[in-house]
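Here is a brief report on one protein model. It covers the sheet first, then the packing.

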Amino acid sequence: MRSSSTTGGVGRSNGRAARSKVVALGARESRAQSPRVADLAVATFLHRLLEEATAHADLERLLASIVQGAAHLCGAQMTAISLLREDRQELEVVSVYGAPGAIHGTRLPVAASLSGTVITSSRTLRCGDVWRLRDSSRAAFARRNDVRGLCVVPLRGPEGPIGTLAAAKRMRWQCTGDQEIVLKLLAHVASVAVQLGRPRTAAPLLQGLAGKERAIARLLIADKTHKEIAEATGLSARTVGHYVERLKLRCGVSTMHGLVGSLLLGAG
């Protein structure tokens, strides 16, 4: 009985098949690793937007480019960027593409809107058919604006979401993972642009503080601990903590890092 061989007969045939299979797999892997034209186009578009954002380009024009790009890249009929207002109770639509009516400037309550849900949860919201929502008011708003399939991603700032980027279709639509990634990348660029484009605090914050509150704020800027501040001011560490919490409320922040950053901006 013939034994298989690596140099002739059946063995040669098997060897060729094995080698050709390896070559074919290698070719497929190489093709998979090479960037696709579409990926390069998206990367180029994002790079250009980031360059414009960091160069302090006109914010309104930049946001218009982002919503238009989001619509084309995701195949959406309508896209919009909404920003959280100072009172944090409402979102205002500041840039929109493909809207059937006058939506620019519309204010959405955080407590009763889908974009508000994204703000409070800090997570992406995907809904294949908004009309089927149990919440009748939100479903009615979607019908009025001819929106059915929806994906909303947050614009993130140092202290949490500062707004949303929404993409919608007039038909049932389940946003894919790739489309969600594109929306998140565009939302990041929009967030950078908004934060760089916002004017700095006009009046120094410390001018509005007096007495112990002002002293505590200056010691926080000097990177002192609650215990060190208590020793310097003659207060208890617990009382210092109460002052710090009131300062956080006044500055609209929730962390010590955010508070010190606000105080530093207001100390100039």
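Which residue in S2 is the bridge partner of Ile81? Ser95 is that partner in S2.

## Basis of the model

This is a predicted model: local features need pLDDT of at least 70, side-chain atom pairs count only at pLDDT 80 or more, and totals for chains, interfaces and linings use all residues. Residues are numbered from 1 along each chain as its sequence is written, and side-chain values use heavy atoms, with hydrogens and water left out.

## The sheet

An open sheet is formed by 6 strands, in the order S3-S2-S1-S6-S5-S4. Its pairing is antiparallel. Strands are DSSP runs (E, at least two residues), as are helices (H or I, at least four), numbered from the N terminus. Two strands pair if DSSP finds at least two bridges between them. Strand S3 (107-109) and strand S4 (125-127) are the edges, each pairing on one side only. From one strand to the next, the twist averages 25°.

S1 and S2 pair over 6 bridges, in the antiparallel sense. Their hairpin has 5 residues between the strands, and Arg88 there takes a positive phi near 60°. Strand S2 (residues 90-97) also pairs with S3, antiparallel, over 3 bridges. Glu90 stands opposite Pro109 in S3. H3 packs on the sheet and touches S1, S2 and S6. The direction of H3 makes about 70° with that of S2. Axes are lines fitted to C-alpha atoms, for helices over the stretch in contact; angles run from 0 to 180 degrees between N-to-C directions.

## The nonpolar cores

A nonpolar core is a set of buried Ala, Val, Leu, Ile, Met, Phe, Trp, Tyr and Cys residues joined through side-chain atoms within 4.5 Å. Buried means under 20% relative accessible area (1.4 Å probe, protein chains only). The largest core has 30 residues. Those touching the most other members include Leu49, Ile66, Ile81 and Leu165. Elements giving two or more residues include helix H2 (37-54), helix H3 (59-74) and strand S1 (78-84). H6 gives the most, with 8 residues.

Leaving aside neighbours within four places in sequence, Leu165 is in contact (heavy atoms within 4.5 Å) with residues including Val67, Ile81, Leu155 and Leu183. A second, separate core of 14 residues includes Ala217, Val240, Val244 and Leu263.

How values were computed
Buried means under 20% relative accessible area, exposed over 50%, partly exposed in between (1.4 Å probe, protein chains only).
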